[in-house]
Amino acid sequence: MNSRQGKALGLFGGTFDPLHIAHLRLAMEARETLGLDEVRFIPAGNPPLRNAPDCSPEHRLAMVERALADAPGYSVDASEVRNSANAAGPSYTVDTLERQRQQHGPRRPLVLLMGADAFARLETWHRWRDLFELAHIGVATRPGHTLKVGAGDTALDREYSARKGDSAAISGAAAGSIVAFAITSLEISATAIRRRLSDGLSIRYLVPDAVVDYIDEHQIYRTPHGH
Ligand code: ATP
């Protein structure tokens, strides 16, 4: 690979409501397995395909920033949260990837990271086919969500069969492959963490200490809710 292309950059979007340790393991194991130079977390502004998050974009961003402060190889991109403060519209991953592509040039391998549950719903994403022009997709295993694509005949199955690759495909091209990778199974979800908080139970060791402290300091997620 021409070194001027730059090493592969992972882009990890999510609601992070709140960030938990399975998110961090996904990022770390993606770096190791896919040979990524860095993983950039991109907290969603206004996620279009789910209920409104429980706390503000600013709190969600701040928790990711605190958890990753001083962690070499990881960074945080605030652009979706910043845009959501200025415009009321939803934040689409394809727009975020277009911005990242502009920032890094046409040749740097970019890898959009997600769990198997998110990948299974990819066809519902705005301009989902354009994602492959802009980045590779790295799909991590997630307990309870088998990666079934490839077996059937949906549009996503067909894309998966045509684009299935490995870490060599990532270093060899800027975009276009789908690479599934296994990570340590952690049956943790932000939904379960919010439920514990509203039930007054501890979330320590499920989330980084910095997130426990942030939630305590700001008294967020304390009200019972219907999730
Ligand atoms: P919620 O329970 O609110 O839906 P979540 O725990 O799934 O939240 P998100 O912020 O929606 O967290 O997830 C961001 C990304 O991380 C998604 O692509 C999701 O698939 C992945 N992810 C979240 N938790 C895990 C996990 N335990 N194992 C593997 N991937 C995960």
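These legends accompany several close-up views of a predicted model.

**View 1. Two helices, α2 and α10, cross each other.**
Start with helix α2, which covers residues 57-68, and helix α10, which covers residues 209-218. Their axes come within 8 Å and cross at roughly 145 degrees, and the crossing is right-handed. On the α2 side, the contact is made by Glu 58, His 59, Ala 62, Met 63, Arg 66 and Ala 67. Ala 210, Val 211, Tyr 214, Ile 215, Glu 217 and His 218 are the residues that α10 brings to the contact. Sorted by class, this contact has seven nonpolar, two polar and three charged residues.

**View 2. Gly 14 sits in strand β1.**
Strand β1 runs over residues 9-14. Is Gly 14 buried or exposed? Gly 14 counts as buried because its relative accessibility is 18%, and buried means under 20%. Leaving aside residues up to four places away in sequence, Gly 14 touches Ile 42, Pro 43 and Ala 44. Now look for Glu 65: Gly 14 and Glu 65 are 51 residues apart in sequence, and their C-alpha atoms are 14 Å apart in space.

**View 3. Helix α3 has buried residues with several covering elements.**
Within α3 (residues 79-86), Ser 79, Glu 80, Val 81 and Ser 84 are buried. Among the elements that cover them are β2 (38-43), α2 and α4 (93-104).

For Phe 16 the distance is 2.9 Å, and for Gly 115 it is 2.9 Å.

**View 4. Asp 17 and Pro 18 are joined by a cis peptide bond.**
The omega angle of this bond is about 5 degrees. To find Pro 18, look in the loop between β1 and α1 (21-34).

Asp 70 has a phi near 70 degrees, a positive value in a residue other than glycine. This residue lies in the loop between α2 and β3 (74-76), and Asp 70 counts as exposed because its relative accessibility is 79%. Tyr 221, also not a glycine, has a positive phi near 65 degrees. Tyr 221 is in the segment after α10 and counts as buried, with a relative accessibility of 6%.

Technical notes:
Residues numbered from 1 in each chain as written. Predicted model: local features only at pLDDT ≥ 70, side-chain atom pairs only at ≥ 80, totals over all residues. Heavy atoms only, no water. Axes fitted to C-alpha atoms, helices over the stretch in contact; angles between N-to-C directions. Helix = DSSP H or I, 4+ residues; strand = E, 2+ residues; numbered from the N terminus. Left-handed = near helix turned anticlockwise from the far one by under 90°. Contact = heavy atoms within 4.5 Å. Nonpolar A, V, L, I, M, F, W, Y, C, P; charged D, E, K, R; others polar. Buried < 20%, exposed > 50% of the residue type's maximum accessible area, 1.4 Å probe, protein only. Polar contact = N/O pair within 3.5 Å; in protein donor to acceptor, adjacent residues only side chain to side chain.
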